[in-house]
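The sequence and the structure are shown first.

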Amino acid sequence: SACLARRRSSVRLRYSPQILYYMLSIQIPTVEQRKITFRKLYNELKEQSKPYGNDIEIIYLSDNKELPIGAKRNKLYEMSTKKYSLQYDDDDWIHKNGIELIMNELYRDVDCYTYNYKVHLDDGRYIYREKNSFGVNYTKQKNFNGFNNVHPPTPKCIFKTGLAREVKLDENLRYGEDGVFASNIKPLINSSFHIDKYIYEYKNLSGEAFNDPARYGMTEKTW
């Protein structure tokens, strides 16, 4: 289509399917109880990935919560057939041009790519925190360089798959795995690049209760 043709031409400046740097695996750990939100995210990722053909794969693991999230994340990294890996939760969201923004930078061939992100949470009130960033050189902190929060790279960032596989999460871990992963992979990263764009959105599209906004340093704001 004309729209797809325009999109293809916009990525040719840096993207070339002959260069293996651009091979990306997008992985989603999910559960049957969230199949509606999962399907929305999956369809969005699939649509954005179309211009890149077989250079992008989208894989997922779904069950009825029998397999802990630690085991799921480990297994997804093992299932990847691409050079780079990125994991999103089933109730996350991505910028409308997020895949293009990522693919345009993979020619750099670094260990890890980070970027900015937004948080939209609703537990009966609207909790909106806009200016956040992942960063390799930072520990978790608030109000740094104009950002409300800077967090070390979690599975939501892009890693060389081989590097991500070196981080073996506890197979029985059922929560808090992002922080554990960030702590363990940070010493392994020798090179990185920060994409200064808002690519990832934490929106809690599942609508599940969020009872402790202070845990994430949230501030309330009508949105």
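In the protein chain, residues 24 or more positions apart account for 74% of the contacts with a separation of 6 or more, a contact being heavy atoms within 4.5 Å. The model is a predicted one, in which local features need pLDDT of at least 70 and side-chain atom pairs count only at pLDDT 80 or more, whereas totals for chains, interfaces and linings use all residues. Residues are numbered from 1 along each chain as its sequence is written, and side-chain values use heavy atoms, with hydrogens and water left out.

The protein chain contains 6 helices and 10 strands; these are DSSP runs numbered from the N terminus, with helices being H or I of at least four residues and strands E of at least two. Of its 223 residues, 48% count as buried. Buried means under 20% relative accessible area, exposed means over 50%, and partly exposed lies in between (1.4 Å probe, protein chains only). The protein chain exposes about 11,200 Å², of which carbon and sulfur atoms supply 48%; accessible areas come from the Shrake-Rupley method with a 1.4 Å probe, and for residues only the protein chains shown count as cover.

**Helix α3**

Helix α3, spanning residues 69-79, is mostly covered, with 8 of its 11 residues buried. Among the buried residues are Lys72, Arg73 and Asn74, along with Ile69, Leu76 and Tyr77. The cover over the buried residues of α3 includes the strands β1 (24-31), β2 (56-63), β3 (84-87) and β9 (158-160), together with the helices α5 (161-165) and α6 (177-185).

Because its relative accessible area is 33%, serine 62 counts as partly exposed. Beyond residues up to four places away in sequence, serine 62 touches Thr30, Val31 and Glu32. The C-alpha atoms of serine 62 and proline 29 are separated by 6.5 Å, although the two are 33 residues apart along the chain.

Threonine 114 is placed in strand β5 (residues 112-122). Its relative accessibility is 2%, so threonine 114 counts as buried. Leaving aside residues up to four places away in sequence, threonine 114 touches residues including Phe134, Val136, Cys157 and His194.

Each of these side chains takes part in a polar contact, as tabulated below; the term denotes a pair of N or O atoms within 3.5 Å, where within protein one must be able to donate a hydrogen and the other to accept it, and residues adjacent in sequence count only if both atoms are side-chain atoms.

| Side chain | Partner side chain | Polar contact |
|---|---|---|
| Serine 62 | Glutamate 32 | 2.8 Å |
| Threonine 114 | Histidine 194 | 2.8 Å |
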